[in-house]
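Here is a short report on one protein model.

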Amino acid sequence: MIGHQAQKLEELVSSSLQKRSKKTRFIAITSGKGGVGKSTISSNLAYVLSQSGLNVGIFDADIGLANLDVMFNVKIKKNILHVLKGEASVSDILIPITRNLILIPGESGDEILKYSDKALFERFMSEAEVLDKLDIMIIDTGAGIGEHIQMFLDAADDVIVVTVPDPAAITDAYATIKTIATTRNDISLIMNQVKSEKEAVAVYEKIKKVALANIGDKLNLKLIGKINSDIKVSSSVKQRALFAVSHAGSVVHKDIVDIANAINKNLERDVLVTPSESGLSGLFRRLIKHF
């Protein structure tokens, strides 16, 4: 049944997509367990990237715990599922955060797949073209290694795992890395809530050593950055504000800017993305391929 639905959706996507010159870089941000600051990092990173002149979309795929609305201090009334059901248009659900940053309230992959009504899907793909100008789409996934999370990880160009330096979180991060490594070799790591660069590197080296020994030397696990443990971060979350805005110029702001710069360097290198893989329609094309 799932195979039939996926085939039907793939046919719809293929028929509705036109050749476009824009390429969107899809970056999935995930974690082994909840409570490690994944959504805080996703939201602040999206904001900082948008401030560098890039057009950024952030897709909230953390279903059940969707809290990007809290991070951005906005109210979400409808999500992608309402669009697929024909109860809203794509434009109805998009929430502009800044001139270059758009929040896209999402839904889980298995829920998305249920909707393969031809007329509705064609309308959705046509409306989704408003997002084809995106340079980057950050996908804030759920925590753990469930099947619907794996869907988004498989669809992404880059996968970033967020963890903190406590034993349980490190164990869960390693389990996540091991699962992701079955489908890709390049994985990035962000060390959150660390005391220093030295601690971030030490924990990263520990994870890398275990990973290389058990997963194999094809794995390319990179430390893309760290965020210092700082009360400014938790106080910003409580105030429904981005620390990159309320504490611009702080150490944690510099940390998130460094991570954004590292991502920008990857963008310059680019990946082989076909011209049709742009914006929201490009994400859906990729999701459907993995069924």
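A polar contact is a pair of N or O atoms within 3.5 Å; within protein, one must be able to donate a hydrogen and the other to accept it, and residues adjacent in sequence count only if both atoms are side-chain atoms. This is a predicted model: local features need pLDDT of at least 70, side-chain atom pairs count only at pLDDT 80 or more, and totals for chains, interfaces and linings use all residues. Residues are numbered from 1 along each chain as its sequence is written, and side-chain values use heavy atoms, with hydrogens and water left out.

**Asparagine 100**

Asparagine 100 sits in the loop between strand E3 (95–98) and strand E4 (101–105). Helices (H or I, at least four residues) and strands (E, at least two) are DSSP runs, numbered from the N terminus. A polar atom of the asparagine 100 side chain lies 3.3 Å from the backbone oxygen of leucine 54. Leaving aside residues up to four places away in sequence, asparagine 100 touches Ser50, Gly53, Leu54, Asn55 and Val56. Contact means heavy atoms within 4.5 Å.

**The aromatic pair**

The structure holds one aromatic pair. Phenylalanine 59 and phenylalanine 152 have ring centres 5.8 Å apart and planes at 45°, so the pair is tilted. Rings of Phe, Tyr and Trp (its six-membered ring) pair if their centres lie within 6.5 Å; planes under 30 degrees apart count as stacked, over 60 as edge-to-face and the rest as tilted. The pair links distant parts of the chain, 93 residues apart: strand E2 (residues 56–61) and helix H8 (residues 147–155).

Buried means under 20% relative accessible area, exposed over 50%, partly exposed in between (1.4 Å probe, protein chains only).

| Residue | Relative accessibility | Class |
|---|---|---|
| Asparagine 100 | 12% | buried |
| Phenylalanine 59 | 0% | buried |
| Phenylalanine 152 | 1% | buried |

**Helix H10**

The buried residues of H10 are Ala200, Val203, Tyr204, Ile207 and Ala211. Seen down the axis of H10, they fall within an arc of 100°, so they line one face of the helix. The arc is that of the directions from the helix axis to the C-beta atoms. Their cover includes strand E6 (158–163), helix H9 (167–180), strand E7 (186–194) and strand E8 (220–228). On the other side of H10, Lys198, Lys206, Lys209 and Ala213 are exposed. Glycine 216 follows H10, with a positive phi near 120°.

**The whole chain**

The protein chain has 14 helices and eight strands. Of its 291 residues, 54% count as buried.
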